[in-house]
Amino acid sequence: MAEAHQAVGFRTSLTSDGAEVELSAPVLQEIYLSGLRSWKRHLSRFWLVRFWEPITTFSGNFDVCSRDPFSYFSLAHFRDPQPHLLRPRPSLCFSPCRGGQHHGLRGVLAAALFASCLWGTLIFTLHVALRLLLSYHGWLLEPHGAMSSPTKTWLALVRIFSGRHPMLFSYQRSLPRQPVPSVQDTVRKYLESVRPVLSDEDFDWTAVLAQEFLRLQASLLQWYLRLKSWWASNYVSDWWEEFVYLRSRNPLMVNSNYYMMDFLYVTPTPLQAARAGNAVHALLLYRHRLNRQEIPPTLLMGMRPLCSAQYEKIFNTTRIPGVQKDYIRHLHDSQHVAVFHRGRFFRVGTHSRNSLLSPRALEQQFQRILDDPSPACPHEEHLAALTAAPRGTWAQVRTSLKTQAAEALEAVEGAAFFVSLDAEPAGLTREDPAASLDAYAHALLAGRGHDRWFDKSFTLIVFSNGKLGLSVEHSWADCPISGHMWEFTLATECFQLGYSTDGHCKGHPDPTLPRPQRLQWDLPDQIHSSISLALRGAKILSENVDCHVFPFSLFGKSFIRRCHLSSDSFIQIALQLAHFRDRGQFCLTYESAMTRLFLEGRTETVRSCTREACNFVRAMEDKEKTDPQCLALFRVAVDKHQALLKAAMSGQGVDRHLFALYVVSRFLHLQSPFLTQVHSEQWQLSTSQIPVQQMHLFDVHNYPDYVSSGGGFGPADDHGYGVSYIFMGDDMITFHISSKKSSTKTDSHRLGQHIEDALLDVASLFQAGQHFKRRFRGSGKEDSRHRCGFLSRQAGASKTSMTSTYF
C-alpha cells in the first residue's frame, strides 16, 4: 500500500550523515547481527508457547514409558504427533507404578532418555517433512481452477502433516525461507519491465549499465545475500523494515500510514459512545484470541499456510522516533487505551479485576469523556501534531517531552491502541454522497493533523454519528494483517455483540467504575513553538491530499469469474487503460504482492505496466481494432500479469532482490550506477488490492451492506496516484484514489471517471458484459457525482432486518 512512497524515498535514508556512519559497519557483522536477531525472535516466540507443549505431553506419558518402554510404541500414542496438537497433562510428576512393581533408577533414566530421543526425532522429522512439502510451489503455477495429480497428492500430504487443529503460529517453524533469485534472472526481468516506459536511447543506456553490473559487482553482492539467507530468517525483510520505514525521516501522515473504512451504507448505531464501546471490546477480544493463538492461521486458497509473524505487534505497539532511525516498541500487555477528545487526552482502563470490561461499561466510560466539559490545556489540543512532523524533529522534541511529561507520554505510548472520539460526523450522506465519501476518506487518512497519534500501531477513529475507521502505522505489518483484525472487529461488534433497540450496548452500566483519568501535560515553553510549527506542516500536508472514493456496482468478481479471468488481473489491466487515458502515457506501476509463503516474508512488487498491457491499451485506443482483437490482447495481458504475480509470491520478484543488493553495495561502499538508477525511479501509479479474508463472518446474502468498504493510502509520487480497491461481495468494487492537489498533472476524480469507463469498455469486450455499458449509458448516470446516490438508493432497498441507520 503506502510502502511504494517509502520505497522511493529510502535512498535518502542511506545518504544521510547518520546513515553513513551506521553503514560503515562490516557487512559480515551486519549479517551476523541480522541472524542473531532472527534467533532471538524465534526463542521469544516459541520457548514458552511451543517448546513446553511436547514436554508436558511427554511427561504425562512418562509413567507408561518408564514401566514398559515398548508400550510407548502403541498406535494410540502416534495418532497425532504434531506438537501443536498435543495436550498438556496437569502434572509434571512421575506416576507411581501399579501392582507393587518398582523399577530401579537406571531403568527410569534409560526409559526417559529413550522416550526423549524418540520424541525429539519424531518432532524434528515432522517439521522437516512439512517444510519440504511447503517448499513446493507447483500448485501456484497451475491454471486457475485446475489441479494436477501431483498437486492433489501434495495437498493431501500437507493436510496430514499439518494436523487437525493448527494454531496461529503452528506452521512458523515449518515455513521455508525466502529464496534469493538468480541475479541474471532479476536483471533480465527488470529490463523487461522498464522497456514499455523508456525511450530506445534510455533503454539502451540502462541495458549497458545492467551488463556492467553483472560483469563487475553482481556475483560479490549475491554471495553476501546467499550467506544472509542461510543464516537469517529472511534475507530482505529486516532490511526492508529498517531502511524503508524506520530510517525514513518523512512525516508518517499521508506518506506512510493508511486507513480502513467502516460499512459503507449502514451504521449499526448513531451513538458515538456505544459504537466505541462495542468496537473497543471487539478489538480486545481479538487480542485475547491472538494471545491464546486461537486465531486460525491464514491459508492461501484454503491449503497453503502463510507466515503469521506480523500478528505479534498489532497491539501494545508504538513506533518511537529517533534522530536518525526509529524503533518499534512492543509491550507484552497493556490494560488501558489512550483516548483523545476535543484536545484532551484520557487514560481508560479496559479491565476490572483482571477481566475485560463489558461493552456497556466501556460505553459508560466513553460517554463520561464526551460529557466532560473541561477545556484543553494550552497547546495540549495540538500536541499530537508532533507525531505528524518529520521524524527527526519529533525525536528531538520528544526528548524534552519525556522529561517534563513522562507519565502522560507513557500512558499514550504504552496503551493497547489509540482512540480518537471526533467531534464531527462522517460517512455517506444523501445530500452529497460523492463529496461526503471523499471527506470521510480524508478524515481517516489525515484528520485535522493533530487528532491522531500516528506513532501508535493503529488509531481507532469514532465519529460523532457512530461511524468508525482506522488509521494504521505501516512499519510493523502490512495491510492484510490489520485488515484481518478489522474484519473480525466489524463482524463481532455488529453481529455478535450487537446493540439494544435504543442504540446502546447490551448489558448494564457499572457505576462503581472510576472515571477515566485525564492526562496532564506539563509542556515546557520551548515545545510550544515546535507544536505550532508541526501543526502548520501537518495542515499543509493534509490540505494537499485529494481523496476520492467511489463504489462501482455494475459488476464485480462474479462477472469476472464467469469470464474465467483473475479478478485482480482484470482490474490491473483496466487501470493501465484508465491511467493512459488520464495522462496520455505509460508509467511504472507498483502493485503490492505478499511473500508470506515464506518465513517472515512481507511484500514484493508486481510491475503491472507490461509490454502486453501496453499493447492492449494501444489496441483499445485504435478505432481500427476490432473487439475480438482487443479481447485476445486483453487475455494475453492478463496471463502476463498472472505470471508476474505468481513469480512475486513465490520469491522470484525483482524489486526486493534489487533492494537487498543495493543495501549490500552500500555496506561495501561499492558504487553501482545500475542500482542507483533502479532506486531513483518514481512510481507514478501505486496500486493495491484490499483482500477480504473472512467472508464466513458476514452474511452477504441477507445483509449485503454489512461488508467493509476497504481503505486507501496516499500517493507515492507528487505527480502520481495511489489506488486501492476491494471486492465487496460478488457484485461491487470500491475504489480509493489519492493524489496531490499541488500537481497540475493529477486529479483523483478525473482518474475515477476514467477507471469507471475503462471497466465498462473492458467488460463490453465480452458478450456477457455488453449490456453493462448499455445499462449505464441508458440510466443517464454518466456524471460521477450521481454514482453514489444511485447506489445509495439501491442500498436503501436492500434486504435487512437489523437495527441500523442508513447514511
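Which residues touch the most other members of the largest nonpolar core? They are Ile 314, Phe 315, Val 339, Phe 417, Phe 458 and Leu 460, in a core of 84 residues. Keep in mind that this is a predicted model.

**The whole chain**

The protein has 807 residues, and 59% of them count as buried. It holds 26 helices and 22 strands. Its accessible surface is about 32400 Å². Carbon and sulfur atoms account for 56% of that surface. Now take the contacts between residues at least 6 apart in sequence: 81% of these join residues at least 24 apart.

**Inside the cores**

Start with Phe 315, one of the residues named above. Leaving out residues up to four places away in sequence, Phe 315 touches Leu 283, Tyr 286, Arg 287, Leu 290, His 330, Ala 416, Phe 417, Phe 458 and Met 485. Phe 417 and Phe 458 are also on the list of core residues that touch the most other members. There is a second, separate core as well, with 47 residues. Its members include Phe 555, Leu 577, Cys 609 and Tyr 725.

Is Val 339 buried or exposed? Its relative accessibility is 0%, so Val 339 counts as buried, since the cut-off for buried is under 20%. Its partners, again without residues up to four places away in sequence, are Arg 344, Phe 345, Phe 346, Val 348, Phe 366, Ile 369, Val 419 and Leu 421. Val 339 and Ala 415 are 76 residues apart along the chain, yet their C-alpha atoms are separated by 9.5 Å.

Tyr 32, Leu 33 and Leu 36 make a nonpolar surface patch of about 240 Å². Tyr 32 belongs to helix 3, residues 27–60. Tyr 32 has 45% relative accessibility, so it counts as partly exposed. The range for that class runs between the buried cut-off of 20% and the exposed cut-off of 50%.

Here are the two residues side by side.

**A covered helix**

Helix 22 spans residues 655–667 and has 13 residues. From first C-alpha to last, helix 22 reaches 19 Å, close to the 18 Å expected at 1.5 Å a residue. How many of its residues are buried? The count is 13 of 13, and the helix is mostly covered. Just after helix 22 comes His 669, with a positive phi of about 60 degrees.

Conventions. Residues numbered from 1 in each chain as written. Predicted model: local features only at pLDDT ≥ 70, side-chain atom pairs only at ≥ 80, totals over all residues. Heavy atoms only, no water. Helix = DSSP H or I, 4+ residues; strand = E, 2+ residues; numbered from the N terminus. Buried < 20%, exposed > 50% of the residue type's maximum accessible area, 1.4 Å probe, protein only. Contact = heavy atoms within 4.5 Å. Areas by Shrake-Rupley, 256 points an atom, 1.4 Å probe, with all protein chains shown as cover. Core = buried A, V, L, I, M, F, W, Y, C linked by side-chain atoms within 4.5 Å. Patch = residues over 30% accessible without salt bridge, like charges linked within 9 Å, V, L, I, M, F, W, Y side chains within 5 Å. Salt bridge = Lys/Arg side-chain N within 4 Å of Asp/Glu carboxyl O. Expected span 1.5 Å × (residues − 1).
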